[in-house]
Amino acid sequence: MKANTKGIFSPMSDPVVGILGLICIITIVVTLFKGKTQPAIAFIVFPTILGLILVLGGRYSFDNLATMIKSGFNSTGPTAALFVFSVLYFGIMTDAGMFDAIIGKLMGLVGDNVIGVALVTAVIALVGHLDGGGAGRLAGEAPRRGPARQPRADRGRR
């Protein structure tokens with residue numbers, strides 16, 4: 001998919017493209033961890049800037065870039081839709097208190113034992129990942145275990 005055009009930053013070798021990709025990923029992670037932007041904006045703006053650099057560098061043409069973007073949307077669209085649905089679903093179920101009884105029983109079993117909380121977390125993750133759905137499990141389980149890791153006096157407060 002390399003373009004035959006020469007750009008401003010020519011020649012753009014494979015190691016340079018790899019380093020630019022790594023810089024893009026690091027930039028996204030740092031801005032998200034520091035809370036400087038929202039995830040949707042970071043995942044759109046930084047790869048777009050990288051794409052423009054690669055076009056200006058003569059590595060790809062705009063047609064190649066458009067083809068890659070379409071291919072990316074086609075391959076990740078269903079997963080993104082599933083992730084959005086799972087976040088909404090598990091958020092509503094949490095607000096409705098659906099998981100309170102399960103978490104309450106598990107916490108009753110382990111009490112304040114840190115090792116017990118870690119083991120319960122591992123068992124929940126093990127059982128939850130048997131179907132291979134990582135995104136739904138992350139959205140469904142991680143927020144539910146938050147109260148287990150809070151000090152006893154703070155549990156149940158909102």
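## Overall fold

The chain's secondary structure amounts to 6 helices and 0 strands, where helices (H or I, at least four residues) and strands (E, at least two) are DSSP runs numbered from the N terminus. Along the sequence this reads as α-α-α-α-α-α. This is a predicted model, in which local features need pLDDT of at least 70 and side-chain atom pairs count only at pLDDT 80 or more, while totals for chains, interfaces and linings use all residues. Residues are numbered from 1 along each chain as its sequence is written, and side-chain values use heavy atoms, with hydrogens and water left out.

Of the 158 residues, 24% count as buried; buried here means under 20% relative accessible area, exposed means over 50%, and partly exposed lies in between (1.4 Å probe, protein chains only). Turning to contacts (heavy atoms within 4.5 Å), 59% of those in the chain with a separation of 6 or more link residues 24 or more positions apart.

## Nonpolar cores

Which residues make up the largest nonpolar core? The 8 members are Met12, Val17, Cys24, Ile28, Ala42, Leu50, Leu54 and Tyr60. A nonpolar core is a set of buried Ala, Val, Leu, Ile, Met, Phe, Trp, Tyr and Cys residues joined through side-chain atoms within 4.5 Å. The elements giving two or more residues to this core are α1 (14-33) and α2 (39-56). Apart from it lies another core of 5 residues, including Ile103, Met107, Val110 and Val117. In soluble globular proteins, nonpolar side chains tend to be buried together.

Ile103, from that other core, sits in helix α4 (residues 100-110). Ile103 counts as buried because its relative accessibility is 16%.

## Around helix α1

Now for a closer look at individual residues. Ala42, a member of the largest core, is in contact with Ile28, Thr31, Leu32, Thr37 and Pro47, leaving aside neighbours within four places in sequence. Thr31 belongs to helix α1 and has a relative accessible area of 15%, so Thr31 is buried. With neighbours within four places again set aside, Thr31 is in contact with Lys36, Thr37, Ala42 and Phe46.

Val29 is also placed in helix α1. Its relative accessible area is 37%, so Val29 is partly exposed. Val29 and Phe43 are 14 residues apart in sequence, and their C-alpha atoms are 9.8 Å apart in space.

Asn64 is found in helix α3 (residues 62-95), and counts as buried because its relative accessibility is 18%. The side chain of Asn64 makes a polar contact with the side chain of Ser61 at 2.9 Å. A polar contact is a pair of N or O atoms within 3.5 Å; within protein, one must be able to donate a hydrogen and the other to accept it, and residues adjacent in sequence count only if both atoms are side-chain atoms.

The largest pocket has a volume of about 540 Å³. On a 1 Å grid over the protein atoms alone, a pocket is an open set of points where a 1.4 Å probe fits, with protein on both sides within 12 Å along at least five of seven lines, and lining residues have an atom within 4 Å of a point. Of its 14 lining residues, Phe43, Pro47, Thr48, Ile69 and Phe73 lie nearest the centre. Both α2 and α3 supply at least two lining residues, and α2 gives the most, with 8.

Key. Points joined across faces, edges and corners; volume = space filled by probe spheres on them.
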